[in-house]
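Student: Could you go through this structure with me? I'd like to start with the annotated positions and then change topic.

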Amino acid sequence: MKEKNLVIVGGGSTYTLGIIMSLIEEKKNFPLKKITLYDIDEQRQEKIAKATEILLKEHYPELKDFNYTTDKATAFSNIDAAFVQIRTGGLYMRELDEQIPLKHGAIGQETCGAGGMAYGLRSITDMIELVNDIRNYSNDAWILNYTNPAAIVGLALQKEFPDDKRILNICDMPIAIMKSYADLLEKDVWELIPEYFGLNHFGWFSKILDQQGNDLTNEIKNNIINGDFLPADKEIANDESWIQTFRKARQMLIDFPEFLPNTYLQYYLYPEELAKKETPDNTRARQVINGREKRVHELCDHIIFQQTTNDINVEADIHGVYMIRAAASLVFNLKETYVVMTENNGIISNLPADALVEVPAILTNDGPKAFSVGEIPAFYKGLIENQYAYEKLVVEAYYEKSYNKLLQALTLNRTIVHAPQAKAILDDLIEANKDYWPELN
Ligand SMILES: NC(=O)c1ccc[n+]([C@@H]2O[C@H](COP(=O)([O-])OP(=O)(O)OC[C@H]3O[C@@H](n4cnc5c(N)ncnc54)[C@H](O)[C@@H]3O)[C@@H](O)[C@H]2O)c1
Ligand SMILES: O=P(O)(O)OC[C@H]1O[C@H](O[C@H]2[C@H](O)[C@@H](O)[C@@H](O)O[C@@H]2CO)[C@H](O)[C@@H](O)[C@@H]1O
Ligand SMILES: [Mn+2]
């Protein structure tokens with residue numbers, strides 16, 4: 001395989017070091033000539049980049065070039081793939097996204113409900129600009145976007161770049177859940193073949209098969225109902241919030257036993273219960289600031305101080321490996337199957353054609369080729385249509401600068417429902433996001 005050039009956009013992200021470690025482990029699957037980190041925050045990126053430089057020198061000596069920059073021309077010229085992982089407004093704004101709805105009794109969450117809507121309206125402008133910038137310099141590069149809320153960002157990109165077939169919106173949640181299934185079954189996650197349908201952070205596994213075609217679904221369901229379903233990926237295995245989230249899958253399965261749920265459905269199925277559990281001074285953003293962000297920055301400081309990675313474990317994580325293998329399948333036309341987002345166009349036959357559905361697809365150099373799902377039952381169809389209407393209204397509201405459409409969107413969202421509550425949350429979010437959102441009519 002000919003070596004490729006990769007840029008990681010949002011180089012200062014808490015995920016970059018994990019991606020680099022995963023690129024090291026996956027170098028045979030996705031051989032690289034050059035890695036570039038790009039960020040708008042020079043200082044935040046520098047810490048990660050300096051540690052990355054040492055890591056790569058010691059573990060990826062074959063790599064011909066590593067650099068980090070805030071210059072778009074340097075970052076985006078002559079690249080084959082871009083991983084995009086930005087956070088407009090940073091963790092500071094994430095905390096407000098989580099606290100503001102909570103103040104009004106609703107779920108505060110990074111991608112679900114009102115918090116997700118606020119984050120979506122912030123992300124769209126930057127994501128459109130980034131895609132245009134990348135296309136200015138590298139017209140054929142594959143753009144893997146996992147900037148959140150991926151459902152809303154993905155819909156906006158689909159609207160803005162309808163003819164660009166080299167943008168793939170992708171999320172690691174399905175594979176992270178499959179990793180937990182694999183642990184229950186004492187199998188390797190890559191041996192499992194998923195049948196999955198829905199929207200991003202809003203879907204279900206209808207079946208899990210092994211490589212021989214044996215159906216493992218009932219065994220998984222029994223294990224979840226009779227055992228303790230826990231996060232398995234090392235990144236989240238000891239994280240109390242993720243432990244509680246995975247455990248909630250048992251309740252979802254008892255209440256709705258037909259399909260295996262994405263863990264994010266907890267926010268839509270039990271909104272009042274989950275909102276009551278949240279505390280405004282310790283929402284997830286605060287936990288990430290005191291947890292993953294602190295851990296990653298301390299690790300970088302340690303590597304930079306020692307000028308070696310000799311005393312640390314260089315370990316890939318499921319998030320990084322998933323993005324890298326999916327990218328390799330696109331770039332090298334490997335025709336492997338991954339759960340990704342793609343325009344519906346009849347894949348789920350009783351959902352709108354323009355919905356951005358999350359389903360298994362073969363990743364080729366001509367883009368994702370999704371397997372047909374067919375008709376889905378009324379309960380799932382109803383839930384998805386409601387959620388899709390919310391997502392679509394958010395994107396329309398962004399383009400039309402429409403207060404009214406945002407109010408409609410929030411009122412539709414299952415984490416809110418009540419119009420006066422939606423209005424109060426929206427008014428507070430407008431104030432908090434005045435530096436980021438379009439001015440509404
Ligand atoms: N879809 C998924 O499965 C998935 C999984 C993990 C993370 N994510 C997403 O990845 C992103 C990064 O998460 P994080 O917690 O590491 O956040 P973070 O704040 O630590 O990192 C984001 C980085 O992006 C930079 N940035 C912001 N705007 C930018 C722009 N316009 N251009 C270039 N860089 C910019 C910031 O300076 C920061 O260094 C978030 O959107 C998060 O939701 C998605
Ligand atoms: O609350 P956070 O910031 O810890 O996580 C939010 C993200 O959660 C999912 O992704 C990952 C997680 O980020 C990562 O560390 C991994 O090891 O496990 C999680 C589940 O796969 C989600 O898919 C992302 O969209 C969220 O941003
Ligand atoms: Mn995700």
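**Annotated positions and a helix**

Tutor: His 201 is found in the loop between strand 7 (193–199) and strand 8 (202–209), where helices (H or I, at least four residues) and strands (E, at least two) are DSSP runs numbered from the N terminus. This is a predicted model, in which local features need pLDDT of at least 70, side-chain atom pairs count only at pLDDT 80 or more, and totals for chains, interfaces and linings use all residues. Residues are numbered from 1 along each chain as its sequence is written, while chains are lettered from A and ligands numbered from 1 in the order in which they are written.

Student: Which residues does UniProt list for "binding site"?

Tutor: The unreviewed UniProt entry lists Cys 171 and His 201. Although spread over 31 residues of sequence, they cluster in space, with a largest C-alpha distance of 8.3 Å.

Student: And is Cys 171 buried or exposed?

Tutor: Cys 171 counts as buried because it has 27 C-beta neighbours inside 10 Å; the cut-offs are 20 or more other C-beta atoms within 10 Å for buried, 12 or fewer for exposed, and partly exposed in between, with C-beta atoms placed from the backbone.

Student: What is Cys 171 in contact with?

Tutor: Leaving aside neighbours within four places in sequence, Cys 171 is in contact (C-beta atoms, placed from the backbone, within 7 Å) with Tyr 146, Ala 150, Asn 200 and His 201.

Student: Switching topic, what do the buried residues of helix 2 pack against?

Tutor: They pack against helix 1 (16–25), strand 2 (32–38), strand 3 (65–69) and helix 12 (284–306), and among these buried residues are Ile 48, Leu 55 and Leu 56.

Notes: Two residues are in contact if their C-beta atoms, placed from the backbone, lie within 7 Å. UniProt positions are given in the numbering used here, feature names are shortened, and annotations may be inferred rather than shown by experiment.
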